[in-house]
Amino acid sequence: MQDVPKIVLKRLQETSAAGTHPDADLLTAFAEQSLAESERAQVMDHLARCSDCREVLALALPAMELVAVAASTRPGRSRWFTWPVLGWGVAAASWGAGRGVCDMSVSLRHDGTALVSCGTQDIGTGTYTVLAQVVSDKTGIPVDKVDVVLGDSSLPPGPTSGGSTATATILPAAIDGTNAAVKVVLTVASSIKGLPFQNGDDPPPLVMTAGRVHIKGEPPANGVPYGEILRMANLASARGDGRSGGLGADPRSRDYSTHSFGAQFVEVEWDPGIARMRVSRVVSVVDGGRIINKRTATNQMAGAIVMGVGMGLFEETIYDPRSGHPINDNFADYIVPTIADAPQIDVHFLDIPDFLLNEYGARGIGEIGLAGIAPAITAAVYHATGVRVRELPVRIEDLLGAHVSA
Ligand SMILES: [Zn+2]
């Protein structure tokens with residue numbers, strides 16, 4: 001007799017009560033594998049037609065056990081589950097959120113464009129885009145008029161791309177540099193004669209919004225474009241140097257632990273006929289603080305999930321015991337997922353800002369999309385096959401014991 005979790009018993013009762021399904025007692029007996037011979041035909045005929053009942057029963061038994069039970073209890077008509085067998089797994093994820101040291105130079109130019117430069121790099125995660133967005137947001141200069149220059153060691157020093165820290169690190173420096181450049185523009189503006197906000201004995205406080213310098217509290221339309229102000233002062237640009245310290249330099253970091261969190265849901269398809277296991281669907285729900293750019297963030301999560309599929313099903317470095325040299329040290333022998341191995345991916349962000357890290361509340365993402373994928377895969381593999389695999393990657397050899405006596 002198989003133990004059936006209480007929550008599943010409850011679901012069986014609800015399902016049974018909800019429509020033209022067998023009695024809850026019969027479904028429970030099936031889940032416990034204690035169904036009387038005389039009642040088998042009735043239950044099996046129903047299960048062959050009813051995916052609702054099969055779905056609830058799949059919560060009680062790994063899918064392959066369910067198939068085995070069905071096969072053993074229904075001679076001659078064994079497989080009312082169509083191949084492949086589905087398995088579901090879930091895992092929680094957590095990854096520390098850090099912030100490093102960064103310098104940044106921001107120039108607001110007389111032609112209405114801006115230049116941001118930093119010695120960090122964009123490895124395809126959207127650093128260029130995020131920097132342009134932030135400077136645009138702070139100044140009102142359109143995103144397509146913000147030039148971002150990265151990847152040169154002659155530029156102000158910036159962080160590496162690693163540990164999910166790049167975005168959280170560059171943002172404060174970019175904000176600091178932008179504020180400094182705007183301050184230069186405002187200082188220049190208050191020294192020029194003939195502007196609507198002519199400086200007198202008591203010059204009004206100025207601000208810059210929507211790319212225009214104006215009196216604080218008045219609409220930007222009453223002001224003057226910052227490029228015009230620079231041209232009147234014969235200046236090519238106003239430059240601000242930004243700097244931000246790491247988390248370790250922040251006294252609040254002694255009182256708080258900063259992490260991102262997530263939940264990874266995986267579906268696998270197991271075809272015992274040809275011993276094929278593949279990840280078919282992944283739903284990833286992530287709290288990575290405020291998401292600055294949903295498109296680049298979603299794509300980064302998708303890449304991390306495919307890496308997780310590699311960790312779960314494919315990747316392993318094999319060492320030569322005599323020399324310690326990696327044997328599969330090339331892309332012909334080291335197996336990584338291809339496009340054909342990539343599952344259907346669905347990414348959701350909670351988008352809750354974490355203001356401990358920076359003004360925008362962005363934590364930076366990367367690893368949080370990978371953490372939890374391999375464990376969720378092994379849980380789904382267990383659900384599909386009844387085999388618990390505790391070493392990665394899951395190999396076909398691990399699953400060959402999962403037979404169905406059809
Ligand atoms: Zn039913």
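View 1. Of the 406 residues in the chain, 40% are buried (20 or more other C-beta atoms, placed from the backbone, within 10 Å of a residue's own). This is a predicted model: local features need pLDDT of at least 70, side-chain atom pairs count only at pLDDT 80 or more, and totals for chains, interfaces and linings use all residues. Numbering starts from 1 along each chain as its sequence is written.

**View 2. Now for confidence.** The mean pLDDT (the predictor's confidence in each residue, from 0 to 100) of the chain is 89, with 92% of residues at 70 or more. Residues 73-80 are another story, with pLDDT below 50.

**View 3. Zoom in on an open, mixed sheet of four strands, E1-E9-E10-E11.** Strands here are DSSP runs of at least two residues (E), and helices of at least four (H or I), numbered from the N terminus; two strands pair if DSSP finds at least two bridges between them. E1 (85-96) and E11 (344-349) sit at the edges with a single partner strand each, so one side of each has no neighbour in the sheet.

**View 4. Meet E1 and its partner.** E1 and E9 (residues 259-271) run antiparallel, joined by 12 bridges. Trp-95 has Ser-260 in E9 as its bridge partner.

**View 5. Look at a helix lying across the sheet's strands.** H11 (residues 373-385) lies across E1, E9 and E10, at about 160 degrees to E1 (axes are lines fitted to C-alpha atoms, for helices over the stretch in contact; angles run from 0 to 180 degrees between N-to-C directions). Contact means C-beta atoms, placed from the backbone, within 7 Å.

Terms used: Two residues are in contact if their C-beta atoms, placed from the backbone, lie within 7 Å. A residue is buried if 20 or more other C-beta atoms lie within 10 Å of its own, exposed if 12 or fewer, and partly exposed in between; C-beta atoms are placed from the backbone.
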